[in-house]
Amino acid sequence: MENLNKDALYSASSLSPYYKTEMGECYHGPAEKILASRVGQELKGKVQLILTSPPFPLNRQKQYGNYQGDDYINWLCKFAPIFAGLLTPNGSIVMELGNAWEPGRPVQSLLPLKTLLAFVEHPEGGLRLCQEFICHNPARLPSPAQWVNIKHSRVIDSFTRIWWMSTTDEPKADNRRVLRPYSKSMERLLSTGTHSQPPKKEGGR
Ligand SMILES: C[S@@+](CC[C@H](N)C(=O)[O-])C[C@H]1O[C@@H](n2cnc3c(N)ncnc32)[C@H](O)[C@@H]1O
């Protein structure tokens, strides 16, 4: 065992599932290592959906350690061809990325946007942006606190970006699986065929 380097040790012995059920297996560890291991290799071309919220390019270090600046872009973008290689021909990558702010300044960092652009344009990924979603959370705590709570010069940073990417223009998708009930006005339009309100009764309000 002492002769094995750390990576070899990881791929040789640490790759037992963290837990498993009849539905599948869960592995816990650095994505770059797990995907480079036998488990990742066996998944090539078989993954329908990669749904990920990677570490954001925050200026304050988190416990799990996050890269900054160009190191961050390079680190995350390395996954573009790896993820693309795992997908089925009509598979999807869905990635959430939050905002970041320049240290000590009321200025938003361009790093998240640059990273998403570099990811989707990675020359070996063959990806395209199918659709951008905004995850708006009005209940977010006030942040960045210095500019929202103390200087009162910015409003709460309350959204993250979610980019849906694929190696094809037509990944598996069906918006009928996420339909919402019609609004009252739409129900009225469907039943009356008109946008106009029914005439009010005389004496009515
Ligand atoms: C931005 S957080 C995700 C936050 C999550 N979406 C949420 O709303 O709570 C990033 C996560 O990625 C994990 N992480 C960091 N580096 C990683 C790596 N190399 N491979 C896999 N996961 C990693 C961290 O432990 C952390 O749980």
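Helix α5 (79-86) lies across β3 and β4, at about 140° to β4. Axes here are lines fitted to C-alpha atoms, for helices over the stretch in contact, and angles run from 0 to 180 degrees between N-to-C directions. α6 packs on the sheet too, touching β4, β5 and β6 (159-166), and its direction makes about 5° with that of β6. Contact means that two residues have C-beta atoms, placed from the backbone, within 7 Å. Helices (H or I, at least four residues) and strands (E, at least two) are DSSP runs, numbered from the N terminus.

This is a predicted model: local features need pLDDT of at least 70, side-chain atom pairs count only at pLDDT 80 or more, and totals for chains, interfaces and linings use all residues. Residues are numbered from 1 along each chain as its sequence is written.

## The sheet itself

Four strands make an open sheet in the order β3-β4-β6-β5, with mixed pairing. At the edges sit β3 (47-52) and β5 (128-136), each pairing on one side only; pairing takes at least two DSSP bridges between two strands. Neighbouring strands are turned by 15° against each other on average, direction ignored.

β3 and β4 run parallel, joined by five bridges. Thr52 has Met95 in β4 as its bridge partner.

## Phe83 and its contacts

Skipping neighbours within four places in sequence, Phe83 is in contact with Ile50 and Ile93.
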